Amino acid sequence: MPLLYDDLVCRDAVELASDYLEGALSWRRRRSYERHLRGCPHCRAHLAQVRSIVTELGRAEPGQLTDDARADLMDVSRRYREERSGDAEP
Amino acid sequence: MDDAELIARPRRGDEAAFGSLVTAHQPAMLRLAGALLTSRALAEEATQEAWVGMLRGLDRFEGRASLKTWLYAILVNRARTIAARERRTVPFDHTDDARAEDPARFAADGSWTQAPVPFTDEVGERLDHAPLVARLAPALDVLPPAQRIIVTLRDIEGLSSDDVCAMLEITPANQRVLLHRARAGLRRSIEASLKRDG
Ligand SMILES: [Zn+2]
């Protein structure tokens, strides 16, 4: 029986979590990581934590746009149009 | 309204359409510029320049990228120009092969000495993510700049790996290493903060 999987220890397994979520592991690495996870509740908890960080980051709302900031940007657009229509004149 | 329509109207000089683009994208653009420049004033300058860049480039926008990706690419470009001017350029190359997780967490045989500290409170059947959410922003603040920028683009703004590599002119392998370090760094700070609070 040929050795199909590398045996992973936890210290090495945790370094694969992000690439695993990215789908960036080779077939062989993915299989040995998944096999390790099946037997290791701590590394499963670790992966779940990395995954929940990614999920919560995606949910974070940016701050509110203030009326002043919005007015400033509308000014930027107005000035740009004025410049451009100025350029177009003969 | 789809991207093509949102773009066509400011192109015709429609102020209201420009305003709705600003409302939709400026808060996230300011957050992203903040990650790139770490100064509120410079971040605001970068977003202003990005909007002017967008208006200038409208006629060349071909709709091959999404509007958001295109806008963010302009913003990243402007922010990096400003960073260079201010001598705050962030290097994205990584040269060391250090582990992202703390080796002290593992015994000589490579197994955990102690389980990861749980991030969630179990409230009856439900998991409460509040302890994690409250700790994310301070954990982001202490990440090295290159890692913070990558994790902001990928996990907060939701851009693809390909888009981020193109914007920052880095290789996919480099991007993956930085993203891995960033996520691991966040996990470690959150865990450390939970331990401190007991
Ligand atoms: Zn393990």
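This is a predicted model: local features need pLDDT of at least 70, side-chain atom pairs count only at pLDDT 80 or more; totals for chains, interfaces and linings use all residues.
Colleague: How many helices and strands does the secondary structure of chain B come to?

Modeller: Read along the sequence, chain B follows the pattern α-α-α-α-β-β-α-α-α-α. The secondary structure of this chain therefore comes to eight helices and two strands, counted as DSSP runs.

Colleague: What percentage of the residues in chain B is buried?

Modeller: A residue counts as buried when its relative accessible area is under 20%. Chain B has 198 residues, and the buried share of them is 49%.

Colleague: Which residue ranges form the two domains of chain B?

Modeller: Chain B is divided into two domains. Domain 1 covers 3-85, and domain 2 covers 103-196.

Colleague: How much area do domain 1 and domain 2 of chain B bury between them?

Modeller: The size of an interface is often given as the accessible area lost when the parts come together. In chain B, twelve residues of domain 1 are in contact with eleven residues of domain 2. Of the area buried between the two domains, 65% is on carbon and sulfur atoms, and the total is about 1100 Å².

Colleague: Which residue forms a salt bridge with R31(B)?

Modeller: Across the interface of domain 1 and domain 2 of chain B, the rule finds two salt bridges. For R31(B), the closest N and O atoms of the pair are 3.2 Å apart, and the partner is E157(B).

Colleague: Which element gives the largest share of the side of domain 1 of chain B that touches domain 2 of chain B?

Modeller: Four residue pairs are in polar contact between the two domains of chain B. On the side of domain 1 that touches domain 2, the elements giving two or more residues are α2 (15-37) and α4 (67-85) of chain B. The largest share of that side is six residues, and it comes from α4(B).

Colleague: How much area do chain A and chain B bury between them?

Modeller: The contact between the chains takes 38 residues from chain A and 50 residues from chain B. Carbon and sulfur atoms carry 62% of the area that the two chains bury, which comes to about 4000 Å².

Colleague: Which element gives the most to the side of chain A that touches chain B?

Modeller: Between chain A and chain B, 20 residue pairs are in polar contact. The elements of chain A that give two or more residues to the side touching chain B are α1 (10-13), α2 (17-22), α4 (41-59) and α5 (67-88). With twelve residues, the element that gives the most is α4(A).

Colleague: How many salt bridges are counted between chain A and chain B?

Modeller: Over all chains, a search of the whole structure finds 19 salt bridges. One pair between the chains is D19(A) with R176(B), at 3.8 Å from N to O. The count between chain A and chain B is five.

Colleague: Where in chain B does R99(B), which forms a salt bridge with D12(A), lie?

Modeller: The closest N and O atoms of D12(A) and R99(B) are 2.8 Å apart. D12(A) is partly exposed because its relative accessibility is 31%, and R99(B) is partly exposed because its relative accessibility is 38%. The pair crosses between chains, from helix α1 of chain A to the loop between α4 and β1 (121-123) of chain B.

Colleague: Are D75(A) and R78(A) buried, partly exposed or exposed?

Modeller: The side chains of D75(A) and R78(A) meet in a salt bridge at 3.1 Å, N to O. Both lie in helix α5 of chain A, three residues apart, about one turn of the helix. D75(A) has a relative accessible area of 35%. Since R78(A) has 37%, D75(A) and R78(A) both count as partly exposed.

Colleague: Are E191(B) and R187(B) buried or exposed?

Modeller: The side chains of E191(B) and R187(B) meet in a salt bridge at 3.3 Å, N to O. They are separated by about one helical turn because they are four residues apart in helix α8 (residues 172-196) of chain B. E191(B) and R187(B) are both buried.

Notes:
Residues are numbered from 1 along each chain as its sequence is written. Chains are lettered from A and ligands numbered from 1 in the order in which they are written. Side-chain values use heavy atoms; hydrogens and water are left out. Domain bounds come from an automatic or database domain assignment. Contact means heavy atoms within 4.5 Å. Buried area is the accessible area (1.4 Å probe) that two parts lose on being put together, summed over both. A salt bridge is a side-chain nitrogen of Lys or Arg within 4 Å of a carboxyl oxygen of Asp or Glu. A polar contact is a pair of N or O atoms within 3.5 Å; within protein, one must be able to donate a hydrogen and the other to accept it, and residues adjacent in sequence count only if both atoms are side-chain atoms. Buried means under 20% relative accessible area, exposed over 50%, partly exposed in between (1.4 Å probe, protein chains only).
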